[in-house]
Amino acid sequence: MTTTVKPLPATVDAEQVRSAIELALRLGDPGAAWRATHALLRAFPDAVVPRVLLGQALLDAGNAPVAVDYFRRALRLNPFDAVAWGGLAGALARTGQQSAAAATLSRAVFHDPLGSEALAPGVADGPPLAGLGVVYLRRGHADLAVAELAVALERYPHRDDLRLYYIEALRRSGDLAAARHHGALVAPAYAERLPALLVRAALDDHAVTVRRRCAELDPDGRLTRRFFAPERPPWPIPPPPLVRWSEEFEPVGAYLPLASGQKAQALGSNHDAGEPALPIQKRAVGTPQATHGAGWQGENRQHASRPAPHDDAGARQRTTGDLPDHALKDFIAATEQVRHRLADIGAAPRPLVPWADGQAFTQVVLSSRAELQRRLGADGFAAVDRRLQQYAQALRRRGLAAHICYCDDEASLRLDDGIMAEPVRGDAGGLRDLVRTLSGALAEHGRELGAVLIVGGDEVVPFHRLPNPIPDDDVVVLSDNPYASDDPGYLVPQRIVARLPEGDGGDSSLLLAQLDRLTAYHYGSRPRTRASRSPISLPGLRQPHPIATMDTLSAGYCAEIWHETSRAVLDALAPAAPLRSSPPLHAANLDLRDLGGRRLLYMNLHGAAGLPNFYGQPDAVWPGAATRLPVALRPDQVDADLVDGALLLSEACYGVELAGRTARTSIPLRALASGALAVVGATVNAYGSLATPLIGADLLFQRMLAHLARGVPVGRALHQARIEFAQEMYRRQGFLDDVDIKTLIEFVLLGDPWGATHEPVAASRSWREERTIVAVERMPKPRPKAVLDETEAPREALRRARDILRRVLPGAAALPLRITAQINPRRQRKSDPERDLTFSARESRPTADGHYLAHAAHITISGEAVVKVAMTR
């Protein structure tokens, strides 16, 4: 019977030939591997891998002396090839050179520390001390690698392999200038070897010739992928080149259908995870010719059903382009869960932002070198600058690009990828324009300025002085919102903004304490809290819903008169969290152990300009001395046992006033000095509600706590809360009134914008997907107002306003009222001439420690309905 042999293909891709040769070696067929590798080397005369394969074939065939020569040829082209170093160690041992073999094996371990046990199980020691930086680099911790490799390079300054790893670590951590500087120090003998070429190609987007040379040395891109692992190569890797079929490939033709996929499964190979695995097929049984023909027929079927490999971007497009939206979102969610699980077991640091946003998200740390030096002295500034660099490294370790920018230091304003800005004057307007310039430059490179962290108080980086829309004691409203906006709109900022204050008095200790705490936090340090009594989280076990633990991780403290609304706010985070009131509690009888050890403290107490304490207020108002407001909390009561590692959220008026304040005279500053991660508070008078529905600060904090309950960082939670607050008030009223506007601009975040109550189980979707279209005004619109005399106001509206004042502000009920009239835009569109009337009153109340607090109320009546009663905090 005649057997028909299928025709052989005219070409085959180099990757599959290489995989077949490797399989032949593993199956003990060095002769077939030797012949096919020679053909591969003739096709790619500069390639590294064929030389390594020839060395392995010779070693397996018992010709160790010649194998030594081929391994050394490969290492002259790629001295980072751990496989070649391992093969050379084996060949040297076969020739009796035991000490040289041991030294060579240590090089293999150095260049492949994660796979060192596979190189020689039970024989190879762990990576040497100098190789710890390579371990960090291979695990994706570029910033830690920079630190370790810098020390190693200082000890071994002439080792170009260390220098090249150091350059790559600098590049991955974003310090391109330092990377290029060290690139110029590489010895000329090393400059044309593959690792040096890869580094040069990564640092220069236009290095076409260098990348072409890399492809000649590494035709199928395998070594390139290994060098940049675990990250993708910085440029698209072309598909494996095709090789004209040669009769010298025939000895390994039978191994081609088993390449890659079956090899990894059947033989336990340490095959590259990044390489595509072919479908497993059974080999045909029969004559060699029939086997060969059946094998190639199967390979042709694979190529017909499987697209040819392309670059990484194309592969991503093929992988996701045909998926429906819901499947793609499920894929992203699954990816996030895997990444967070790796963080849970210590294999990787937890990312700060979802994977889909991490590559583009950038944080700028903004300050003034001259002002910090003036405030803190040269030594104080130097200490702060060192801590800032460490903090930025900690953020980069968690996947966030962070840059320290001094407005008056040109070198610090050169980021990377050609992104730079000119120094500016240190006033609020100049600094705002600098932030916008950096934002625009980043956007041109496909990146987003997602967060701004200001370092210093009002005298270093000034607050913006915004118009106060409400008739009260505040001349202006101090705000950081304009630093978070790329246009004149500042009511709803476009990015996260926070501030690290230095306090008054020229002492750097407060700023240093904050930076040390924040850096430790991002390296995984957490304080002991009541969470230790919660169920223990173990990898692989189903975790309880985060809100189940927040009842013990959070607590509240409020004025008794606001207990109802404070409970509604705190319920958004933890319905069973304890909420204490003042009275009956006050500073003298407050048991701080009841509030300590929490991840979040919510406070809704009175504050005042220039006064250090927070005050309570009884629910009922009595005449005489009984109406004195009790001191609810003093700064000296705030210590690490109370706030270490916690978020402190305060609705108090002037809660985060900084002018003239130190850690001795400010509860928020004392909290930051004692280890609190962040504080949210008002710079001026704040307003809230006496009953539901919530308004003002109560509504803003309720929305913020709802996000914190999901493990969202506090900066992101405040940012989203502003958006939702504005949209809710638009839904209720059709516009933002004066109380709404002031609420949106007066609250600032002090501390780390990335502090959170707990780690989320997984970020299920990109922040970009969560963005809500902000269909609200971002700049206060001028609306005509008229100030009325009481004789001009409707009698019924005036009566109702005074009735409310007798209950909420009895001392002002009989005093003259300020009345403003304004057309409601919602009514105006319906040609309704009726106006909203706002009745404002003010009184002073004594405190138990001998001071007076100004209290204000604003009552808005629309038609016949009382639509809003806002009270100062």
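This is a predicted model: local features need pLDDT of at least 70, side-chain atom pairs count only at pLDDT 80 or more; totals for chains, interfaces and linings use all residues.
User: What does the secondary structure of the chain come to?
Analyst: The chain holds 34 helices and 22 strands. Of its 873 residues, 55% count as buried.

User: Why are α22 and α24 called roughly parallel?
Analyst: Helix α22 (residues 369-397) and helix α24 (residues 509-522) pack at an angle of about 10 degrees. Angles under 35 degrees count as roughly parallel. The pair therefore takes that label. Their axes lie 9 Å apart.

User: Which residues make the contact of α22 with α24?
Analyst: On α22, they include L372, L376, A383, V384 and R387. On α24, L511, L512, L515 and D516 are among them. The residues of this contact divide into twelve nonpolar, three polar and three charged.

User: What makes T519 buried?
Analyst: T519 has a relative accessible area of 11%. Buried means under 20%, so T519 is buried. T519 sits in helix α24. Leaving out residues up to four places away in sequence, T519 touches R387, Q390, Y391 and A394.

User: Why does E247 count as exposed?
Analyst: The relative accessibility of E247 is 53%. Exposed means over 50%, so E247 counts as exposed. E247 lies in the loop between β2 (242-244) and α16 (250-253). The C-alpha atoms of E247 and A36 are separated by 8.8 Å, while the two residues are 211 apart along the chain.

User: Are C214 and C558 buried or exposed?
Analyst: C214 is at 3% relative accessibility, and C558 is at 0%. The limit for buried is under 20%, so C214 counts as buried, and so does C558.

User: Which residues have the most contacts inside the largest nonpolar core?
Analyst: They are L573, V680, F701, M704, L708 and W754, in a core of 103 residues. Apart from that core lies another, of 83 residues, including L75, L153, Y190 and L198. In soluble globular proteins, nonpolar side chains tend to be buried together.

User: What share of the contacts with a separation of 6 or more joins residues 24 or more positions apart?
Analyst: Such residues account for 69% of those contacts in the chain.

Conventions
Residues are numbered from 1 along each chain as its sequence is written. Side-chain values use heavy atoms; hydrogens and water are left out. A nonpolar core is a set of buried Ala, Val, Leu, Ile, Met, Phe, Trp, Tyr and Cys residues joined through side-chain atoms within 4.5 Å. Buried means under 20% relative accessible area, exposed over 50%, partly exposed in between (1.4 Å probe, protein chains only). Axes are lines fitted to C-alpha atoms, for helices over the stretch in contact, and angles run from 0 to 180 degrees between N-to-C directions. Helices (H or I, at least four residues) and strands (E, at least two) are DSSP runs, numbered from the N terminus. Angles under 35 degrees count as roughly parallel, over 145 as roughly antiparallel, 65 to 115 as roughly perpendicular and the rest as oblique. Contact means heavy atoms within 4.5 Å. Ala, Val, Leu, Ile, Met, Phe, Trp, Tyr, Cys and Pro count as nonpolar, Asp, Glu, Lys and Arg as charged, and the others, Gly among them, as polar.
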